[in-house]
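Dear colleague,

I am handing over the structure below, and after it I set out what was found. Please read the text alongside the coordinates.

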Amino acid sequence: MLEPRFLYGALYLFVICWSLEAPMAESGIGVNWGTISFHKLRPTTVVDLLRENKIQKVKLFEAEPDVMRALMGSGIQVMVGIPNEMLSVLSSSPSAADLWVRQNLTSYIGKGGADVRYVAVGNEPFLTSYNGEFQNLVMPAVLNVQQSLVKANLAGYVKIVVPCNADAYVSASLPSQGAFRPELTQIITQLVQFLNSNGSPFVVNIYPFLSLYDNGDFPQDYAFFEGTTHPVTDGSNIYTNAFDGNYDTLVAALTKLGYGQMPIVIGEIGWPSDGAIGANITAARVFNQGLISHIMSNKGTPLRPNSPPVDVYIFSLLDEGAKSTLPGNFERHWGIFSFDGQAKYPLNLGLGNKQLKNAKNVQYLPSRWCVADPSSDLTNVVNHMKLACSVADCTTLNYGGSCNEIGEKGNISYAFNSYYQLQMQDSRSCDFDGLGIVTFLDPSIGDCRFLVGVTDKDSDSSASEAAKHWWFLLLLLFLHGTFWLSN
């Protein structure tokens, strides 16, 4: 007769396997949910926003506990990411991979749990600007995480992917000439062999906006889906938009490796609405609606007719006001919703609603703003503005931004208010040596919105979860060191 502990173990395994007997993901439109923001909505509010808009697929950049808990029981399919910074320890320590899977998957998966379909090992780890820093860590990390999934009885359901930037492949001029960068050929071959044997798609991030932003000679209409006066002719194939051309360059590159039919998922694609010339509400709406209509038409591309990508994840769900602006000020303005879950423009995601629905029950700070005191001498305000903008987000004030033309006093007020809201409207944060004053009249001007911050009642628990996250990373580093000492 089996001992009770074996009976319990068998029962647990049966429940897990039974709960995971679900159909594979259907093609569809999803979103990237990033959380690098000064003003975070409660995760439960964001999950409600996803469900209200019938969005059934979400991509996360890491497994934040409060986010994972909020997704439990939601029915939303999840791709959860592992940051590049963790590749080193995961590539060298199977124990660290086991721990990651236990902490970030097993804890949340099961009947009534989070519906995790993919684990993204790294995020654009082959990016040219990383100078090969993560290149040799990817496959060892992938194999260790895969073994951990096998041990946890999750490998048949949770698939590993590696999101790649489109700069992983190049073309002399035509999509049909696409090939992976020479220094990546060997590792990409290993990766696609692994993906193919495990039933995983190739995940790629494509950004026509960046092609336009980085190249002054790039035809603007070619970045969109409305037709172009600069089509690309490639033999019998004609390309009228940058997305199709880029996508088929990848198809050609995969074909050269012998995997021309590999399923492809678009991990990130979108258009920013602020922070640069060409980044505005109108362009973002036209691009995203054009993209969705193009995908939903099932026309595919010249090299894959009638076969669109498996899934497409719009970048992104919400604006992230604390992101690095190193690539450009537009980095903080990719959201189809503003930071507080309010739709920026009408958009039909093709999921049932004709347009986006706003987040509900958002907890705002009181309706008050910090502005420049009109009775003060603002001669010596420059240092105060620099201080405010070094901490808060002032990217809309820069050239091409929605608040770029509101005048000197408007710029000062915007900077003051951004800092004031970030400090949760602490009265002292609107002093600025007597140059600031609190007002109850909304100072927004035209398209330039002076924000009011949101308050998160779960902030204490969020801090606690952040502490747990750092302890987890420290534990991984400890395991990493122990592994190398034992070898």
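K344 and D319 are both buried, where buried means under 20% relative accessible area, exposed over 50% and partly exposed in between, with a 1.4 Å probe and protein chains only. The side chains of K344 and D319 meet in a salt bridge at 2.7 Å, N to O, a salt bridge being a side-chain nitrogen of Lys or Arg within 4 Å of a carboxyl oxygen of Asp or Glu. K344 and D319 each sit in the loop between β15 (311-314) and β16 (369-372), and the pair links parts of the chain that are 25 residues apart; helices (H or I, at least four residues) and strands (E, at least two) are DSSP runs, numbered from the N terminus.

Please bear in mind that this is a predicted model, in which local features need pLDDT of at least 70 and side-chain atom pairs count only at pLDDT 80 or more, while totals for chains, interfaces and linings use all residues. Residues are numbered from 1 along each chain as its sequence is written, and side-chain values use heavy atoms, with hydrogens and water left out.

The search of the whole structure finds 13 salt bridges. In another of them, the side chains of D340 and R449 meet at 2.5 Å, N to O. Because D340 lies in the loop between β15 and β16 and R449 in the loop between β17 (436-439) and α13 (459-486), this pair ties together parts that are 109 residues apart in sequence. D340 counts as buried at 0% relative accessibility, whereas R449, at 38%, counts as partly exposed. Salt bridges that share partners also join E52, K357 and K360 into one network.

A further salt bridge brings together the side chains of R181 and D167, at 3.6 Å from N to O. R181 is in the loop between β8 (179-180) and α7 (185-197) and D167 in the loop between β6 (164-165) and β7 (169-170), so that the pair links distant parts of the chain, 14 residues apart. R181 is buried at 10% relative accessibility, and D167 is partly exposed at 21%.

Turning to the aromatic side chains, the structure holds 23 aromatic pairs, counted where rings of Phe, Tyr and Trp (its six-membered ring) have centres within 6.5 Å; planes under 30 degrees apart count as stacked, over 60 as edge-to-face and the rest as tilted. The rings of F218 and Y222 are tilted, because their planes stand at 50°, with the centres 5.9 Å apart. F218 is buried with a relative accessible area of 17%, and Y222 is buried with 9%. The rings of F225 and F243 likewise form a tilted pair, with centres 6.3 Å apart and planes at 50°. F225 lies in the loop between α8 (208-214) and β10 (232-234) and F243 in helix α9 (residues 242-256), so this pair ties together parts 18 residues apart in sequence. F225 and F243 are both buried.

Lastly, the second largest pocket holds about 870 Å³ of space. Its 38 lining residues include D274, H333, T396, S402 and D447, which lie nearest its centre. On a 1 Å grid over the protein atoms alone, a pocket is an open set of points where a 1.4 Å probe fits, with protein on both sides within 12 Å along at least five of seven lines, and lining residues have an atom within 4 Å of a point. Helix α12 (residues 407-422) gives the most to this lining, with 3 residues.

With best regards

Notes
Grid points are joined across faces, edges and corners, and a volume is the space filled by probe spheres set on the points.
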